[in-house]
Amino acid sequence: MKLPTFKLLLTATLASACFAAGAQTKYPDHAIRLIVPFAAGGTTDIVARIVAEGLTRELGQPVVVENRGGGGGSIGAEALARATNDGYTLGIATVSTMATNPATNPATPYDPIKDFTPIINLVNVPNVLTVNPKVPANNLKEFIALLKANPGKYSYASSGTGGISHLDGELFKSLTGTDMVHVPYRGSGPALNDTIAGQVNAQFDNLPSSMPHIQGGKLRALAVASSERIKGLDVPTFAEAGLPAVNNMAWYGLVAPAGLSPEIVTRLHDAAAKALKDPKVAQRLIDGGSIVDGGSTQAYAEKIKQELALRQKIARDQNIKLTN
């Protein structure tokens with residue numbers, strides 16, 4: 001009697017193990033939603049759509065981009081934080097959503113550390129200060145002099161109140177002793193359109209979305225936030241220009257709601273890392289001005305914490321608080 005009983009137990013155990021293994025390997029078995037917390041056309045959207053194509057190939061299921069702009073990225077980030085943590089709703093995290101919004105707005109409706117599961121940092125991206133070509137300033141020094149001579153006359157566009165471009169713009173004003181009117185938009189795409197059209201005079205933006213318009217003569221670049229000068233862009237870094245505090249690159253990573261299982265985190269991390277190593281995907285990101293990352297989940301989690309601490313310090317030191 002013991003032998004059959006043992007066989008039954010062994011069979012049941014093996015069946016259970018096979019079922020568990022099948023349940024793990026089955027993910028994903030349907031489409032995945034990728035929330036982009038900004039409007040279409042900006043850098044976040046560009047990076048997301050390139051990576052989504054790669055993830056679709058690696059995961060064998062469609063990864064569908066959903067733009068949820070507004071609030072400097074906080075509306076989309078909140079939607080992600082409140083989603084079910086089953087691996088079928090992911091989001092693109094940015095410096096704005098994970099650091100500058102919480103640092104400047106105590107009413108931010110989520111906790112950047114507690115409400116998300118970091119997966120992987122996709123790319124790092126230089127930021128750039130541009131002006132409409134009609135603005136009578138050919139370089140950063142002339143622009144600062146122009147602003148000082150005309151306080152409150154000129155305006156700058158941002159991707160939204162509380163976002164990285166807003167915080168960088170206010171920091172720039174504080175460090176240079178200048179005054180510009182802040183004009184927030186629902187993402188860098190709409191902000192870019194109005195800067196090109198001359199409705200707004202300047203913009204603090206990520207390089208990938210602005211680069212084609214700089215190269216096409218529709219925008220004039222004055223300085224970049226990067227570790228070194230950008231090839232094909234004859235402007236100094238903010239550090240070279242004497243403004244090292246503004247010389248911080250942006251980054252774009254993949255996150256999920258808090259509590260995502262370690263198995264799915266690993267599956268998504270490995271799929272994204274493999275997609276980023278695809279020469280076609282990598283080249284498209286590089287051509288757009290991004291620097292491919294693809295490091296470990298642990299490294300990305302630490303990067304988020306460090307960025308939040310940095311932006312909190314800037315907000316305190318410059319007394320930058322959300323007022324609108």
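This is a predicted model: local features need pLDDT of at least 70, side-chain atom pairs count only at pLDDT 80 or more; totals for chains, interfaces and linings use all residues.
**Stop 1: helices α7 and α8**

Select residues 188-197 for helix α7 and residues 207-215 for helix α8. Two packed helices are described by the angle between their axes and the distance between the axes. Here the angle is about 20 degrees, and the axes lie 11 Å apart. Because angles under 35 degrees count as roughly parallel, α7 is roughly parallel to α8. The crossing of α7 past α8 is right-handed.

Now show side chains at the contact. From α7, pick Ser188, Leu192 and Ile196; from α8, pick Ser209, Ser210 and His213. Sorted by class, the contact between α7 and α8 contains two nonpolar and four polar residues, with no charged ones.

**Stop 2: Tyr27 and Tyr88**

Next, turn to the aromatic side chains; the structure holds five aromatic pairs. A pair of aromatic rings is described by the distance of the centres and the angle of the planes. Select Tyr27 and Tyr88, an edge-to-face pair with 5.2 Å from centre to centre and 65 degrees between the planes.

Where do Tyr27 and Tyr88 lie along the chain? Tyr27 is in the loop between α1 (2-25) and β1 (32-36), and Tyr88 is in the loop between α3 (74-81) and β3 (89-94), so the pair ties together parts that are 61 residues apart in sequence.

**Stop 3: a ring cluster**

Finally, select Tyr156, Phe172 and Phe204. Ring pairs join these residues into a cluster.

Terms used
Residues are numbered from 1 along each chain as its sequence is written. Side-chain values use heavy atoms; hydrogens and water are left out. Axes are lines fitted to C-alpha atoms, for helices over the stretch in contact, and angles run from 0 to 180 degrees between N-to-C directions. Helices (H or I, at least four residues) and strands (E, at least two) are DSSP runs, numbered from the N terminus. Angles under 35 degrees count as roughly parallel, over 145 as roughly antiparallel, 65 to 115 as roughly perpendicular and the rest as oblique. A crossing is left-handed if the near helix is turned anticlockwise from the far one by less than a right angle, and right-handed if clockwise. Contact means heavy atoms within 4.5 Å. Ala, Val, Leu, Ile, Met, Phe, Trp, Tyr, Cys and Pro count as nonpolar, Asp, Glu, Lys and Arg as charged, and the others, Gly among them, as polar. Rings of Phe, Tyr and Trp (its six-membered ring) pair if their centres lie within 6.5 Å; planes under 30 degrees apart count as stacked, over 60 as edge-to-face and the rest as tilted.
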